[in-house]
Amino acid sequence: MRRPRMIGLLAVLLAFAALCGSLGAWQLDRAYARGDAAQQKELDAKLAAEEARGPDGLGTVLAPQTTFTGKLVGDLVWVEGAYEPDGQVLVPGRALDGRTGYLVLAPLRVSDDGTSGASWKSLSGGAPVVPVVRGWVATPEQATAAPSGTVRVNGYLQASEATDGTGHTLPDGQVDSVSSAQLANRWGGPIYSGYVVLRDSDPAADPAIAVLPRPRVEGSGDVNLQSLSYAFQWWLFAVFAVFVWWRIVRDQRDHENAALAGTTAAPDDAPPPGRTPQVRRGDDGIAGLPARH
């Protein structure tokens, strides 16, 4: 293993293994990139179909106080109602385009969610409230009041968040998350288990409040299986290169041990082990003496 020839061979094979490892990492990145591209293409097709037929009524895809499923994230919906201006709050620590600011969150008391009231008919408490993220602002001063009167909101569905749980105190008018359970205590119910991220509204939304992009499920990117299999193949080549060096060293050792064993073997005319050498006798029967005449 320490011979210069073996060390040189090891260096060559390790360089080859490193190349294979880097190619495997590149194929892995490509697998995720191609998976994300395929998912984005699927989302674009879904959005185009939604735009063609128009948004769904909120109550037709999510009734108040029912379970929110992950497949609803990003669905385009519409809902009508009136904002409750006293209920508007800010959610701090939210980023947009590399800047940290606040979500502007307001309760919309629903008058129509596409079901003409059927979705909450069996619930006590009257018309439900849906949390609406009107957008994002850099400072609290930019968060203008919600419009009064009946508003039709078009937006994207997003799942209710978990509460922060740290127990730290926030200024009045701020909450740590968009949590339906937490907001129900503040606004009353019944309430929807998800919230709406505003895209546009009638009357028009305040341009001072930045509209947020369409939500996506975090970590939901698919992986391209073909590229992933190529990555594993390259990594196997890397392991095989090191195995080849180990096998060459072992075979060389066995060969040299066999050659060494051959040089220390007994001569060809030596008697086999366990047999007494034969002694030539003379005519007089005495071993090793000439016969008498």
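Modeller: Gladly! The protein chain has an accessible surface of about 17500 Å², with 57% of it belonging to carbon and sulfur atoms; areas come from the Shrake-Rupley method with a 1.4 Å probe, and for residues only the protein chains shown count as cover. This is a predicted model, where local features need pLDDT of at least 70, side-chain atom pairs count only at pLDDT 80 or more, and totals for chains, interfaces and linings use all residues. Residues are numbered from 1 along each chain as its sequence is written, and side-chain values use heavy atoms, leaving out hydrogens and water.

Colleague: What share of the 293 residues in the protein chain is buried?

Modeller: Buried means under 20% relative accessible area (1.4 Å probe, protein chains only), and 32% of the residues qualify.

Colleague: Which residues have the most contacts inside the largest nonpolar core?

Modeller: In soluble globular proteins, nonpolar side chains tend to be buried together. A nonpolar core is a set of buried Ala, Val, Leu, Ile, Met, Phe, Trp, Tyr and Cys residues joined through side-chain atoms within 4.5 Å. Here the largest has 21 residues, and Leu58, Tyr83, Val130, Val132, Val153 and Leu157 have the most contacts inside it. A second, separate core of 16 residues includes Val91, Val129, Val133 and Trp187.

Colleague: Which residues of H4 are buried?

Modeller: Helices are DSSP runs of H or I, at least four residues, numbered from the N terminus. In H4, the buried ones are Ser227, Ala231, Ala238, Ala241, Trp245 and Val249. Phenylalanine 240 also lies in this helix, which covers residues 225-263.

Note on methods
Helix = DSSP H or I, 4+ residues; strand = E, 2+ residues; numbered from the N terminus. Buried < 20%, exposed > 50% of the residue type's maximum accessible area, 1.4 Å probe, protein only.
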